[in-house]
Amino acid sequence: MSASVTPILRTSKERDDGRAPIWIRITANRKSRYISTSIYIKPKHWNDRKREVRKSHELASAYNDKIRSLRLRCEKASLDADTAQAVKDEVLGKSGSVTQFFERFISRLQDRDQYWERKKYNTTLNKLREALGENLSWDDLTSSALSKLERHCREERGNNPNTTRKELSRVRRVVNQAIKEKVISAGEDPFLTYEMPERVEPDRRSLSLEEMKRLEALDLDPTSDLGRDRDAFLLAFYGGGIRFSDVCCLQPSNVRDGRLKYRMMKTDNIVRIPLPDSAIEIAERWTEAHGGSFLFPYLKEGDDKDPVHLRKRISVWNQMANRSLKELAKRAEIEDPDDVTMHVARHSFGDLARRRGDDLYAVSKALGHSDLKTTERYLATFDDEAVENLTDQIWSSS
């Protein structure tokens with residue numbers, strides 16, 4: 001196999017102190033894999049033409065010896081390997097360090113085009129490196145190390161309990177994969193003696209029907225950015241709490257005979273729900289005004305052909321729409337307008353459905369949840385007021 005092996009300074013991963021890591025990049029058949037040298041320097045000390053540390057750095061000689069040694073090992077491995085990953089595996093061994101195995105796990109996500117999962121696991125790996133070091137060995141990944149990672153997420157990164165729990169859950173998934181591949185034994189699982197942080201029910205913001213009506217009554221240019229984002233928010237609410245990603249992908253054909261039918265991006269579930277007149281008017285107005293492939297002019301024709309490109313476009317539009325909603329909430333004199341986001345439409349529908357109906361299964365189907373437990377958990381944060389109302393009724397009649 002003909003593979004290129006190149007030392008590079010990855011400035012995109014520069015640390016807060018201004019130093020960036022030096023990696024060995026292995027490229028074959030248009031696919032690249034990276035091996036960390038565990039060396040960090042400031043960009044001014046890197047000679048990109050010679051691919052080495054400049055002599056002005058006090059450890060230049062030692063660093064360059066290490067880089068050359070690792071590069072030579074990679075080039076030697078490439079003589080018998082048929083892919084860049086195979087070269088990396090040959091150099092690192094089957095297990096490597098925890099971070100090296102983590103990198104391989106992320107590479108598989110990339111090969112499967114799981115862009116967002118890869119992005120999430122990259123974030124987790126960065127936090128793992130910050131908390132526990134660049135080349136953490138499997139022997140050092142203990143329950144105490146996991147507790148240190150948990151503290152790092154909370155205290156240094158400012159992550160809330162649920163985000164911290166998600167980061168540790170991703171580490172646990174990688175550990176489970178290592179056990180499956182017999183890199184470590186089941187008895188070496190550090191999670192056996194580590195207690196995961198408890199999940200905390202988030203404080204979900206919701207708007208009342210009266211607040212929704214105030215948004216709807218705002219005097220806006222119907223085809224302006226504010227008008228578009230207001231209508232998208234209202235349709236998301238009236239349509240059963242549609243996620244913004246699905247709002248972006250709605251086509252005029254998804255609304256027929258007073259009903260909305262679409263397939264959720266997140267779960268692949270099909271949702272069918274009748275629409276009130278207000279929602280039908282919104283759909284008709286934008287079908288007539290826009291006339292494109294999509295109901296709202298967030299996406300252009302062909303944007304949905306590449307899932308990675310699609311999600312990037314939706315992410316950009318979501319940020320812009322959320323800025324609009326804060327302005328709209330101010331105009332509608334809604335309390336705490338900065339807390340209003342596109343996802344609040346989903347919370348608001350769930351809260352209203354809980355208040356007005358006692359059929360949890362119907363609410364679950366409207367929200368597109370896979371099971372009732374998800375719906376129960378989703379609505380749990382709205383139950384304090386329900387308990388207050390119940391007790392008010394009990395004691396007011398006594």
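**Helix packing and ring pairs**

H3 and H4 pack with their axes 9 Å apart, at an angle of about 170 degrees. That makes H3 roughly antiparallel to H4. On the terms: helices (H or I, at least four residues) and strands (E, at least two) are DSSP runs numbered from the N terminus. Axes are lines fitted to C-alpha atoms, for helices over the stretch in contact, and angles run from 0 to 180 degrees between N-to-C directions. Angles under 35 degrees count as roughly parallel, over 145 as roughly antiparallel, 65 to 115 as roughly perpendicular, and the rest as oblique.

Before going on, the ground rules. This is a predicted model, with residues numbered from 1 along each chain as its sequence is written. Local features need pLDDT of at least 70, side-chain atom pairs count only at pLDDT 80 or more, totals for chains, interfaces and linings use all residues, and side-chain values use heavy atoms, with hydrogens and water left out.

For the overall picture, the protein chain has 15 helices and eight strands. Of its 398 residues, 45% are buried, where buried means under 20% relative accessible area, exposed over 50%, and partly exposed in between (1.4 Å probe, protein chains only). Among contacts with a separation of 6 or more, 57% are between residues 24 or more positions apart; contact means heavy atoms within 4.5 Å.

Back to H3 and H4. Which residues meet there? From H3 they include Val 98, Phe 102, Phe 105, Ile 106 and Leu 109, and from H4 they include Tyr 121, Leu 125 and Leu 128.

H4 also packs on helix H6 (residues 161-180), at an angle of about 95 degrees and with the axes 10 Å apart. H4 and H6 are therefore roughly perpendicular to each other. The contact involves, among others, Tyr 121, Thr 124 and Lys 127 of H4, and Glu 167, Val 171 and Val 174 of H6.

Now the rings. Rings of Phe, Tyr and Trp (its six-membered ring) pair if their centres lie within 6.5 Å; planes under 30 degrees apart count as stacked, over 60 as edge-to-face and the rest as tilted. By this rule there are ten aromatic pairs. One of them joins Phe 101 and Trp 138, edge-to-face, at 5.7 Å centre to centre and 70 degrees between the planes. Phe 101 lies in helix H3 (residues 98-111) and Trp 138 in the loop between helix H4 (115-132) and helix H5 (143-156), so the pair ties together parts that are 37 residues apart in sequence. Phe 101 is buried at 1% relative accessibility, and Trp 138 is buried at 13%.

Phe 105 and Tyr 121 have ring centres 5.1 Å apart and planes at 45 degrees, so that pair is tilted. It links H3, which holds Phe 105, to H4, which holds Tyr 121, across 16 residues. Phe 105 is buried at a relative accessible area of 6%, as is Tyr 121 at 3%.

Elsewhere, ring pairs link Phe 244, Trp 286, Phe 296, Tyr 298 and Trp 317 into a cluster.

**Buried faces**

In helix H2 (residues 84-92), the buried residues are Ala 84, Gln 85, Val 87, Lys 88 and Val 91. Seen down the axis, they fall within an arc of 160 degrees, so they line one face of H2. The arc is that of the directions from the helix axis to the C-beta atoms. Their cover includes strand E2 (20-28), strand E3 (31-41), helix H1 (60-77) and H3.

**Loop residues**

Where is Gln 114? Gln 114 sits in the loop between H3 and H4 and is partly exposed, with a relative accessible area of 28%. Its C-alpha atom is 9.1 Å from that of Pro 307, although the two residues are 193 apart along the chain.

Arg 30 lies in the loop between E2 and E3 and is exposed, with a relative accessible area of 85%. Asp 336 lies in the loop between helix H11 (307-331) and helix H12 (344-356), and is partly exposed at 44%.

That is the tour; I will take questions.
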